[in-house]
Amino acid sequence: MNFNTILFRFGLNPDNFINEDRDPIKTKDGFIYEVRQRTDIRVCPKCGSISGYVNDHDIVEINCSETDQIKDTLRIVKTRFKCIDCGITYTPKIDGIDDGSLISNQTKQLILGDFTKILSFAEIGRRYSVSSMKVIQIFDDKVPYIPRGRMPKVLCIDEKGFKGDTDSTYCCFLYDHEKREILDIIESRQLPYLDEYFSSIPESERNNVKYFVSDMYDGYRSICRRYFKYALHIVDLFHVVQLLTRAVNKIRYSHVKDIKKSSPTINFMKSKWKLFLCRTEDIPDKWYSPQGYGYSIHYTDMVFDCVKKYDDLLIAYNILQDLYHYNRNDTFQESLKFIDGIAERLKLTGIKELETVGNSYTKYRIEIADGLAKNQTGKHYSNGVAESINNSVSTIIKVSNGYKDFERFRKRCMLISRYKKI
């Protein structure tokens, strides 16, 4: 083998080794490269003396793998010296390998790069023939802390289900709308945690936030009023629609859950439930052919036939479509009038699920209208960036078989967000 080329490839300094011409040893999954540490470099790390003598030798194998295709191992015959002046025994340091480590620094660096990808610790370990626990140890050592991002002009706040080593069911994500990245993650969305976090941020920095985008959680409203006094609080349209679609779905489900008799209507309402929650124009151009009935009917016609059979479902469906088709070019006053009208219609239906949604719309009427109307710049701000990143966060949790350590979870999410732009 070319002595210098191999060592340079592994990120090691050839000057630490005796230049010997040896062929690599082929194994079933890679190669073993044998080298010997030099015996003429013997500076005592304690007293600086060079009067040491060779005490013994030791053979260690260093993982130098660069890919998951080939496992490269460096077998080093290490020299151990004994200092004549102070009596200690020592092995000279090898550039590119940490003391006591069986993994080269270059392989560690490659592992570190994979932390920005949506891969589990176990998957990363398999790529470099390292145990998942060792990968976690490298992560904790090399990524001790990631600072939060600065408060942006448009701050999006949302929660994600997380059950780790805290007493909370949800952790709170902060997003920069314009950069599309995670600013920070708070271990709980409970108000005491949020208060402690935002009170630690200088007021001058908090005043940079001009738009505060959230869902209809009372804790977020309190935080906005307390810490972001100059920001416009916007309730994202996604959550406004989501609240109503969940109510519509409950009504749909109430008509099919207890009916055991099979029929085209019931079967369609069970299997194609998503079509009752989308815009009418988004219903696929397909035909429904009930088995054994000998006819076909378009999906759109089937949806309308189903909702017309149940008064409460028809009312809920029509209001949902009106919300979907609202003209978002209107002014704030026009938007406020619209949401007040929707809320009143919901509360007058006499349907429990819809009345609850109507009360929530009334409670957050100002914030919802701010989200529906265009701002002074002609833009709409939403939590769409949060929902997009949340999907990737779910994948992170899934591939890692669930995180228990919150700080480790926080650092991993932020790394992937900042470097891979999820």
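## Exercises around strand S9

Strand S9 and strand S10 (residues 232–235) pair in the parallel sense, with 4 bridges between them; two strands count as paired when DSSP finds at least two bridges between them. The model is predicted, so local features need pLDDT of at least 70 and side-chain atom pairs count only at pLDDT 80 or more, while totals for chains, interfaces and linings use all residues. Residues are numbered from 1 along each chain as its sequence is written, and side-chain values use heavy atoms, without hydrogens or water.

**Exercise 1.** Find which residues stand opposite Phe212 and Val213.

*Solution.* Start with strand S6 (residues 154–161), which runs parallel to S9 and is joined to S9 by 3 bridges. Here, Leu155 lies opposite Phe212 of S9. Now turn to S10, where Ile234 is the bridge partner of Val213.

**Exercise 2.** Decide whether the residues on the two faces of S9 are buried or exposed.

*Solution.* Recall that side chains in a regular strand alternate between the two faces of the sheet. In S9 (residues 211–214), one side carries Tyr211 and Val213, and the other carries Phe212 and Ser214. All four names belong to buried residues, so both faces are covered (buried: under 20% relative accessible area; exposed: over 50%; partly exposed in between; 1.4 Å probe, protein chains only). For the protein chain, 47% of the 422 residues are buried.
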